[in-house]
Structures are given as structure tokens and as C-alpha cells.
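Please read the following report alongside the sequence and the coordinates.

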Amino acid sequence: MEYAVIHKKDNVKVCLDNGHKYAVRDIQTGEQIIKYGFPIGVALQDIKEGEHIHSHNLKTSLAGALEYSYSPDFEYPESTEPAVINAYERKNGSIGIRNDIWIVATVGCVNSIAKTLADKTGALCFTHPYGCSQLGGDLLTTQKILCGLVKHPNAGGVLVLGLGCENNNIAEFKKVLGEYDEERVRFLNCQDFDDEIAEGIKIISELQELAKHDTRTAVSISRLKIGLKCGGSDGLSGITANPLCGKITDKLVSMGGTAILTEVPEMFGAEQILMNRCVDENVFNETVNLINNYKEYFISHNQPVSENPSPGNKEGGITTLEEKSLGCVQKGGTAPVTAVLDYGDTAEKAGLNLLNGPGNDMIAVTNLTAAGCHLILFTTGRGTPLGAPVPTIKIATNSSLAERKKGWIDFDAQTENENALFDLIIETANGRKTKNEKNGFREIAIYKDGVTL
């Protein structure tokens, strides 16, 4: 078996075959276990050189909300000549890399109608169980995510499909939606028509006719927004795929582009690294609030802040949340943090943005889409068929997964390099379909934290 010590400060080595950790020297009870150059927890017992380190002898050190200090440690990347992509110019100045017609349901009651319309027209539908029996901030959260989808530049046209009696009825939804392209965004209340299917087909046909005349033009990649996500991580995620995405983040930011990192619980234990890369004290304070507020969310539900690594994560060699987080944040490279976004916000500032939201895969890819990401880099060590509404480039941490799951995986991070991944991003932006698109795997899920009536 082949092993690697990631950082000179580490007291563990990682098996490159299974992602698990082994001691490189004797470690005493209570001593910090170091990986990536940072603590990932403490030893529960004496550990001998060469011994396997996992849940039986390593525990987390994470606790609740903390106080932090701002110690800036970043450099603005040297500007490089932006690459060129071919995209659709939108009226509001944004760009899209796809030109599909989307059906966005305001309420779960019309999900089956949305699916029927999609089947009959070839439009893409995005369904969910919410939009009614919600109040206050919980309803607003649903509305904000749906607004992000309705206004997404990858859609050449959108049919907003409502029922008519829901809390999130079209009239109320429009108050949150604000300005929109009235030519490309159309609305249908199903209760208002004797034959809602026929009316829906009519509207979608009109949108398809408009979109048919749209053409791609050459634009700077500085206008591209990419999302960063990992799911089904393993012990190699922080060695192969995530650092590779970090190089892409730095490269895109050097060209004036935007990258968005979410999964706030998977920043716990690595948050100081991000805080020290904040461009100013205001962004630092917003990052502190982002972390501590999410910890308080856990505590308010009487849950430990450290309970994150899944059974699949642990089987793949990840023991503690600190370890998972230190691997996760590497997708953000070394780029300065320029903005902190709340759940449902849209990214406006170039650079690395931090987006409030959970690590749950379906919620996170929806969150990134609603924030304006044109495509998502999704790293995985275990494999997943999940796809976002936008192209989702699946990046395997290991060649075994890439070989076994060719129907899911777009890129092998264990054998291919940064230039190959950047080329794939450009090709995807120019129209090359990702595996999730070829498979028709596109889902959304919306975060809920409120009462149900």
C-alpha cells in the first residue's frame, strides 16, 4: 500500500488506497492529531507508530460559538488574461450557459402538473413539497430560493406554475420576485383555467419559440460563477479532488470570475483559515456571524455541532468534522473571501463568496443554483447520481470510483490535472453536457426551519 504525509506538521499518514489514517510516530492520550497541518481532534488513548487512527481512538475537539480575531493572511491573485466562453447574453447584463425552458412550481400541489407539462414539451421542471402551510421567515426562504431559480440566466424562459390558493400564490410571490423579464417569465394559476395542461403547453411553446432564436456569443470567463460542493467525501477528498478545485478557484478568480463555497457546518474546525482570508473587517465579522449563528442553530435543536461525518464518510476514512472541514474548504483555494451571502442571496461580487446553508447535498446544490452559479464542481469519493438544475461536474477523488461509475463521473481527480479540469469547465460552459444532464438527473430541495400549519 502507498501512504502520504500531507503536511510536514502532520503526525498521521494517509493510505492512498483506502483514505484511512495511520500514526507516523507514537501519540499520547490527549495529544492533538494533526492532518493538513491542523488539529483534527485528540487521541482517546495512547497510539503506537503505524497504528490505525479512527473513531475508536480519536475524538473531536469542536464546541459551540467562539470568539475570533482577524489576522489577515491573503494575497490578491495576480491578474491573468481571461479565457473566453460562448454564452447567451441576457437583457439584465448576465450570461447563461444553457437556454432551456424551466417550469418552477410555487407549491407542491402542482408538482404532478409540472411533470406532465415537462413530459409533453421537453421543458425542465423543478418541484418541491413547499409553498403552502408556511409562515414568516420559513415561507420567505422558500420564496427566495424559487426567485433565484426563476431569474436564473441558464433558463431561456420560465413558466411559474401556481395553484391559486396557496400561501405562496403568484400575486404574493411576485412581491418577492421584484423585477423580471416579462417576455421570458410567464405565470399560470392552474385553478384559473378549465384545461391547465393545454394552457401550460401553449405558454411553454411560446417560450421555446423565443429561445429558439437565441445565439451564443463570445464573452469573458470573468462573468462565470461556479459553485463548489462535495458529497460522499472520503479520506482522499482533501488530497486529490478538493485541492484540485481550489486551483480552479484561484485560476478563475485571477481572471475576474466568481466561486461560491457553501456547506457551513463543513467549515467548523477550519473557519479561522477562511476568516484570515477575508478582504476586510466587515467581511470577517460577517464570516464570524455565519459560523457562530450556524452553531447556535445546532445547539437550539439540542444537537452537537460536531455530528456531521456520515457513515459513508467514516467508511472512507474521515473521523471528525474538523478533518472533513479541513478537506472541504480546500475547494476555496487560497483566494480572498470577498463576500458572505445569506441563504437565498445572489452573488454579485467577484472572488470567493461564502454562502450560508447546510451541507445536505440536494439543498446545497439548489442553494448554489439560486445564488447564480452557472455550473457546479461536485467532488465525491463515494459517488452520487445527484444533479443540480445547472450542469454538475462530478469529480471523483479516486480512479476506482471514476472507472466503476462512468455513468455518474465526469472527471478523475486522481489521474487528471488542473488544466484538464479547466478545459472541461470551458467545454461545459460552451454546451458540452455533463453526466447529470445526459441522465436527466436534476433535483431541487429547499431548506425548512419553521412550523407547518
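This is a predicted model: local features need pLDDT of at least 70, side-chain atom pairs count only at pLDDT 80 or more; totals for chains, interfaces and linings use all residues.

## A buried helix and a buried lysine

Helix α9, which spans residues 321-328, is largely enclosed by the rest of the structure, because eight of its eight residues are buried. The buried residues of α9 include the charged Glu-322, Glu-323 and Lys-324, and they also include Leu-321, Ser-325, Leu-326, Gly-327 and Cys-328.

## Aromatic pairs

The count of aromatic pairs in the model comes to 11. In one of them, Phe-74 and Tyr-76 have ring centres 5.6 Å apart and planes at 85°, so the pair is classed as edge-to-face. The two partners fall into separate accessibility classes: Phe-74 is partly exposed at 23% relative accessibility, whereas Tyr-76 is exposed at 59%.

Trp-102 and Phe-126 also form an edge-to-face pair, with 5.0 Å from centre to centre and 75° between the planes. Because Trp-102 lies in strand β10 (residues 100-105) and Phe-126 in strand β11 (residues 124-126), this pair ties together parts that are 24 residues apart in sequence. Both Trp-102 and Phe-126 are buried.

## Charges over rings

The charged end of Lys-13 sits over the ring of Tyr-3, at 4.5 Å from its centre, and the charged end of Lys-394 sits over the ring of Phe-378, at 5.7 Å from its centre.

## Salt bridges

The structure holds 23 salt bridges. In one of these, the side chains of Arg-25 and Glu-31 meet with an N to O distance of 2.7 Å; Arg-25 is partly exposed, with a relative accessible area of 37%, and Glu-31 is likewise partly exposed, at 24%.

The contact between Lys-295 and Glu-271 is a salt bridge, in which the closest N and O atoms are 3.7 Å apart. Glu-271 lies in helix α6 (residues 271-275) and Lys-295 in helix α7 (residues 281-300), so the pair ties together parts that are 24 residues apart in sequence. Both Glu-271 and Lys-295 are buried. By contrast, the salt bridge between Glu-315 and Arg-382, at 3.4 Å from N to O, links Glu-315 in helix α8 (residues 311-315) with Arg-382 in the loop between β19 (375-380) and β20 (392-396), two positions that are 67 residues apart. In that pair Glu-315 counts as exposed, at 56% relative accessibility, while Arg-382 is partly exposed, with a relative accessible area of 33%. A further group, made up of Lys-229, Glu-263, Lys-331 and Asp-361, is joined into one network by salt bridges that share partners.

## A nonpolar surface patch

Which residues form a nonpolar patch on the surface? Leu-135, Val-451 and Leu-453 do, with about 310 Å² of accessible area together. Of these, Val-451 is found in the segment after α13 (435-439), and it is exposed, with a relative accessible area of 54%.

## Positive phi angles in loops

Most residues other than glycine have a negative phi. Ser-133, however, has a positive phi, near 60°; it lies in the loop between β11 and α2 (136-150), and it is partly exposed, with a relative accessible area of 23%.

Asn-302 also has a positive phi, near 60°, and it is placed in the loop between α7 and α8. Its relative accessible area is 69%, so Asn-302 counts as exposed.

Methods:
Residues are numbered from 1 along each chain as its sequence is written. Side-chain values use heavy atoms; hydrogens and water are left out. Buried means under 20% relative accessible area, exposed over 50%, partly exposed in between (1.4 Å probe, protein chains only). Helices (H or I, at least four residues) and strands (E, at least two) are DSSP runs, numbered from the N terminus. Rings of Phe, Tyr and Trp (its six-membered ring) pair if their centres lie within 6.5 Å; planes under 30 degrees apart count as stacked, over 60 as edge-to-face and the rest as tilted. A charge sits over a ring if NZ of Lys or CZ of Arg is within 6 Å of the ring centre and within 35 degrees of the ring normal. A salt bridge is a side-chain nitrogen of Lys or Arg within 4 Å of a carboxyl oxygen of Asp or Glu. Patches are made of residues with over 30% relative accessible area and no salt bridge: like charges are joined within 9 Å, nonpolar side chains (Val, Leu, Ile, Met, Phe, Trp, Tyr) within 5 Å. Accessible areas come from the Shrake-Rupley method with a 1.4 Å probe; for residues, only the protein chains shown count as cover.
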